[in-house]
Protein chains: 2
Amino acid sequence: MRAEIISVGTELLLGQIVDTNATFLAQVLAELGIDLYFKTTVGDNWARIQQVTKEALSRSDLLLFTGGLGPTEDDLTKEAVADLLGLELVREESVEAHIRALFEQRRRPLVESVLKQALIPRGAKIIPNRWGTAPGLIIEHGEKILILLPGVPREMKGMVREGVIPYLHSRGFTGKEVIRSRILRIAGAGEALVEAKLAGLLSRANPTIAFLAHRGEVHVRITAKGNPEEVAAMLEAAEQEVRGRLGELVFGIDEESLEEVVGRLLRGRRLTLGVVESCTGGLLSHRLTNVPGSSEYLVGAAVPYTKRAKMQLGRLKEALLREAGEVSPEVSVAMAREARALLGSDLGLSVTGVAGPQRVGELPVGTVYIALAAPEGEEVEEHRFGEEPGREGIKWLASQAALNLLRLYLLRGLNGRRS
Amino acid sequence: MRAEIISVGTELLLGQIVDTNATFLAQVLAELGIDLYFKTTVGDNWARIQQVTKEALSRSDLLLFTGGLGPTEDDLTKEAVADLLGLELVREESVEAHIRALFEQRRRPLVESVLKQALIPRGAKIIPNRWGTAPGLIIEHGEKILILLPGVPREMKGMVREGVIPYLHSRGFTGKEVIRSRILRIAGAGEALVEAKLAGLLSRANPTIAFLAHRGEVHVRITAKGNPEEVAAMLEAAEQEVRGRLGELVFGIDEESLEEVVGRLLRGRRLTLGVVESCTGGLLSHRLTNVPGSSEYLVGAAVPYTKRAKMQLGRLKEALLREAGEVSPEVSVAMAREARALLGSDLGLSVTGVAGPQRVGELPVGTVYIALAAPEGEEVEEHRFGEEPGREGIKWLASQAALNLLRLYLLRGLNGRRS
């Protein structure tokens, strides 16, 4: 069975509101094992609603509509679809009674136009609306199924749970066949390199593997279809294969962020961390403190954003800044050492760099030095992000690189030596 | 001219990422007075990309594609569209040279597959990509125009501004009738209060006024339609009316963030700022440093995330923490004073609070104290955000309140007294 989502609403088409309904419906379909191939957004226009419906009927079996069921002049979905299918609209008593009762309860005057929501295409099944006025509708048209739902998320979701899912179960879509995904998150390599390492795993039909590039991360999405047990086994096997080829490039799965993974490793080893970050300006510390319980391992941070602050708050020597340069590997290492002293922590992590828009001396925008200080020594890394990411992009990429350096230290020791 | 947007990407179809590109393109089309009638989302599938392109060609004159131009196997848009139109792909020297140079500059190994992005449909105009690798493409096919853009927002937007808009202008779409909006941004009041203050302004047809609630802000969107001069006058007049009723609740317009506005005020008054933030964990400093040139006024920050760090890095007395409590107005004021001393700045701003998940003593999650220290004295505010916003939500709302406190001080002095 092939499904298609049709979102009706001029404000959706013009991008003035975000289509969260389609996202929700896509997840429901995946859970039921129903393939979703197209999603169309169209405005509140009779002719165009009919046009996209006609096309959808020619290529899909299950059509899910959201929006356009309300009481205003702009609400046309039901009328346009019924007209296309040749179904007359009939007044449904139970729905009219429900609407009248709702307005009485809210002590609002009933405007007659509201009652157009009680007109139902002949033969349609009604999904009651316990949260508002317009009922949902299920129309069986030959071999096709058309389901019309309100655009209000709360109403739509309630109807999906109470009406649509039971209906699709009764039609044989019991979720015995599901489509599930697992995402492996990678730091320290770009999309092209990851794809090269996974060559040969990519041309399968089930499970499939797809790449998503994010700033400072690559996501490998494994998608499997089958019954829940088969799917779990396929996802597990594919994950192991991918990890076998990518090793430590994989830092987490699904929603796990670098900062969560680092937090788990620090907690597990009972180590504390101090941060001295200039170019990331607080972002590194902000990310670390987004993780609940982070005060167990993050003692604190200093953000010496100017040269003066590097000397005063950061306690760096003026001679060092002058000789090595404010942005340099030497200053980065000194900042990481100071982090341990200033915060009284086991480990120190530092970031110094050129976020732009100006260069610093000979160093182009996007040059960043990251250092880690541990009891047994220090290590430092240089990155060249270029100016394309922009100021916020450079800050983000630098924070990713810093968290990844710390993660790899916690996994395999300083400069890769096991400690 | 009828336009249609085609967003290519399985992750978009399945709702795993939000289609912000389509929103942006819809606004660009509105500016040019070009009608947008359909928006279709389709997965990374050759046959289905061709199917939706064929339909679009039958009903629209201008097709705008985003996504699927990258280097991986899943990137199919260009190849599928070229094949449908019967255009061969030709290697373009300038694009290949650009890609090679970019990889050299970033010191990354060039994986050969990346060079597929240098293949161009014969006859297509190239829109250079100054921010990444894949060029944009403009294909004139009989009376139709097909424009292919990358999915990476930064790259897509740059190409639209530098390539697509000039091209559409040259084809005669100069935007004589436009639809434009202006957003007034409000901090310090919720949606219901703002709506009450604007009662009476709301029922107009042109310009229209709409409310958008965001975390810690309310946006009032004024939308006007007409020729550019009329629209500019309507927006100006409506803005003045709204400001007349809301006064200092309005902190900026359109894209201006609180941190940008604060930065402008600090720079104008030649004042420097130091921050000591515990519960916001670096977010306040991160936001301030997102603004280019912020090192002119932000000296730096300290993030004492634990009690020990409040004493060691923050130099607070243990007696004070014990008697007043770690999270208290007294500690907040002490932190703000210390910010001035630690960073050597004119002003100090502090945040201490309960981000959760645990209460602190009697204080429920979401209790936050914000203080400002100036040469002439200090002020402190209490906020109760509750636990509904969650950890990240409480951090954000606290940073908004801190920036707003600083903004109001810079506008009208300590505790509202002009200084």
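**Close-up views of a predicted two-chain model**

**View 1. A:R91 pairs with A:E96.** A salt bridge links A:R91 and A:E96, with 2.6 Å between the closest N and O atoms. The structure is a predicted model. A:R91 is partly exposed, at a relative accessible area of 43%. A:E96 is buried, at 12%. Side chains of opposite charge can pair when their charged atoms come close. A search of the whole structure finds 49 salt bridges over all chains.

**View 2. B:E96 and B:R100 meet within one helix.** Their side chains form a salt bridge, 3.2 Å from N to O. Both residues sit in helix α5 of chain B, which covers residues 93-105. They are 4 residues apart, about one turn of the helix. B:E96 is buried, with a relative accessible area of 12%. B:R100 is partly exposed, with 37%.

**View 3. B:E378 and B:R337 bridge a strand and a helix.** The closest N and O atoms of this salt bridge are 2.7 Å apart. B:E378 belongs to strand β17 (residues 377-384) of chain B, and B:R337 to helix α13 (residues 329-343) of chain B, so the pair ties together parts that are 41 residues apart in sequence. B:E378 is partly exposed, with a relative accessible area of 29%. B:R337 is also partly exposed, with 47%.

**View 4. Four charged side chains of chain A form a network.** The members are A:R182, A:E236, A:E239 and A:R243. Salt bridges that share partners join these residues into one network.

View 5. On the surface, A:D254, A:E255 and A:E260 gather with B:E392. A:D254 is located in a loop of chain A, between β12 (250-253) and α9 (258-268). Its relative accessible area is 33%, so A:D254 is partly exposed. A residue needs over 30% relative accessible area and no salt bridge to count in such a patch.

**View 6. B:D254 has a positive phi.** The angle is about 55°, although B:D254 is not a glycine. Most residues other than glycine have a negative phi, and most peptide bonds are trans. B:D254 is placed in the loop of chain B between β12 (250-253) and α9 (258-268). B:D254 is partly exposed, with a relative accessible area of 33%.

**View 7. A:R270 is a non-glycine residue with positive phi.** Its phi is about 55°. A:R270 sits in the chain A loop that runs between α9 and β13 (273-277). With a relative accessible area of 74%, A:R270 is exposed.

View 8. In chain A, the cis bond joins A:G356 and A:P357, with omega about 0°. A:P357 occupies the loop between β15 (347-353) and β16 (367-374) of chain A. In chain B, a cis bond joins B:G356 and B:P357, again with omega about 0°. B:P357 lies in the chain B loop between β15 (347-353) and β16 (367-374).

View 9. B:A30 is part of helix α2 (residues 20-31) of chain B. With neighbours within four places in sequence set aside, B:A30 is in contact with B:E177, B:V178 and B:I179. B:A30 and B:K225 are 195 residues apart in sequence, yet their C-alpha atoms are 9.8 Å apart in space.

View 10. A:T10 is in helix α1 (residues 10-13) of chain A. A:T10 is partly exposed, with a relative accessible area of 32%. A:V90 provides another reference point: A:T10 and A:V90 are 80 residues apart in sequence and 27 Å apart in space, C-alpha to C-alpha.

Key: Residues are numbered from 1 along each chain as its sequence is written. Chains are lettered from A and ligands numbered from 1 in the order in which they are written. This is a predicted model: local features need pLDDT of at least 70, side-chain atom pairs count only at pLDDT 80 or more; totals for chains, interfaces and linings use all residues. Side-chain values use heavy atoms; hydrogens and water are left out. Patches are made of residues with over 30% relative accessible area and no salt bridge: like charges are joined within 9 Å, nonpolar side chains (Val, Leu, Ile, Met, Phe, Trp, Tyr) within 5 Å. Accessible areas come from the Shrake-Rupley method with a 1.4 Å probe; for residues, only the protein chains shown count as cover. Lys and Arg count as positive and Asp and Glu as negative; His and the chain ends are not counted. The place of a charge is taken as NZ of Lys, CZ of Arg, CG of Asp or CD of Glu. Helices (H or I, at least four residues) and strands (E, at least two) are DSSP runs, numbered from the N terminus. Buried means under 20% relative accessible area, exposed over 50%, partly exposed in between (1.4 Å probe, protein chains only). Contact means heavy atoms within 4.5 Å.
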